[in-house]
Amino acid sequence: MSGKTIDQADQADNGVASLRTFLAQIAGRHPDRSRVVFLCIGTDRSTGDSFGPLVGTKLEERGWPHVFGTLKQPCDAKRFAEALEQSAGLEHAVFIAVDACLGKPSSVGTYIATQGPLTPGQATGARLPAVGDYSIAGVVNAASHKPYMTLQTTSLYTVMQMAETVAELVDQVWKQVSGLTDK
């Protein structure tokens, strides 16, 4: 990932407070939900790599209008170019890329939120272009010398909890910015 990292791993709350602050900054700059595009990268065929599609599914269920990458239609390596092409037609949109990543054992369950793009597929050696005005990577498991196997054996419970947290925070902060709920 490139760009400025917002408090990568606040161990007390797995980075949730930092992620909330990061999302609130984006929502403050881009309050119109109809101009926010989520590129939720990953596949439904790998537990660890399902983080993006799980977030996408949860955002779609919450009524977000522009979500690419769900469990039903994942934005995996095969569909990545198609998603970029479809989303390119959205004028004045801000793109938030969401993907899983591997990291230090002490960082599992945390989030890396960055202004700037992320490069999907690095753990598995895929060569995909960097994407996103902003990016969120969920550290779903510890890095290893066999990243593909590590993603395959990642805890589904952990990934689901992390995806729910991201989707809930996204919804909360945009509602707060819009004045739809109290802080």
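The structure is a predicted model, in which local features need pLDDT of at least 70 and side-chain atom pairs count only at pLDDT 80 or more, while totals for chains, interfaces and linings use all residues. Residues are numbered from 1 along each chain as its sequence is written, and side-chain values use heavy atoms, with hydrogens and water left out.

Confidence is given as pLDDT, the predictor's confidence in each residue, from 0 to 100. For the protein chain the mean pLDDT is 87, and 91% of the residues reach 70 or more. Helices (H or I, at least four residues) and strands (E, at least two) are DSSP runs, numbered from the N terminus. The pLDDT is below 50 over residues 1-12, a stretch that has 33 contacts in the model beyond near neighbours in sequence. A contact means heavy atoms within 4.5 Å.

A residue is buried under 20% relative accessible area, exposed over 50% and partly exposed in between, with a 1.4 Å probe and protein chains only. Strand β4 is mostly covered, as 10 of its 10 residues are buried. In a regular strand the side chains alternate between the two faces of the sheet. In β4, V94, I96, V98, A100 and L102 point one way, whereas F95, A97, D99, C101 and G103 point the other way, and all are buried. Strand β6 (residues 134-142) is also mostly covered, with 8 of its 9 residues buried. Strand β5 is largely enclosed by the rest of the structure, because 4 of its 5 residues are buried.

These strands are linked by pairing, which requires that DSSP finds at least two bridges between two strands. Strand β4 (residues 94-103) pairs with β6 in the parallel sense over 8 bridges. Within this pair, I96 stands opposite Y134 in β6, and L102 stands opposite N141. Strand β4 also pairs with β2 in the parallel sense, over 5 bridges, and here L39 stands opposite A97 in β4. Strand β5 (residues 111-115) runs antiparallel to β6, and 5 bridges join them. The bridge partner of I112 in β6 is A137, and A113 stands opposite I136.

Leaving aside neighbours within four places in sequence, V170 is in contact with L23, F38, L59 and W64. V170 and R20 are 150 residues apart in sequence, but their C-alpha atoms are 7.9 Å apart in space. V173 is likewise placed in helix α5 and counts as buried, at 1% relative accessibility. With neighbours within four places in sequence again left aside, the contacts of V173 are R20, L23, A24 and A27. The C-alpha atoms of V173 and R20 are separated by 7.2 Å, although the residues are 153 residues apart along the chain.

A loop residue was also examined. T43 is found in the loop between β2 (36-40) and α2. T43 is buried, with a relative accessible area of 13%. Not counting residues up to four places away in sequence, T43 touches D49, S50, P53, P74 and D76.

Finally, the second largest pocket was described. On a 1 Å grid over the protein atoms alone, a cavity is a set of points where a 1.4 Å probe fits but cannot get out, whereas a pocket is an open set with protein on both sides within 12 Å along at least five of seven lines; lining residues have an atom within 4 Å of a point. Grid points are joined across faces, edges and corners, and a volume is the space filled by probe spheres set on the points. The second largest pocket has a volume of about 230 Å³. Of the 13 residues that line this pocket, V67, F68, G69, Q73 and Q86 are the closest to its centre. The elements giving two or more residues to the lining are β3 (67-68) and α3 (80-87), and the largest share, 3 residues, comes from α3. By class, the lining has 5 nonpolar, 4 polar and 4 charged residues. Here Ala, Val, Leu, Ile, Met, Phe, Trp, Tyr, Cys and Pro count as nonpolar, Asp, Glu, Lys and Arg as charged, and the others, Gly among them, as polar.
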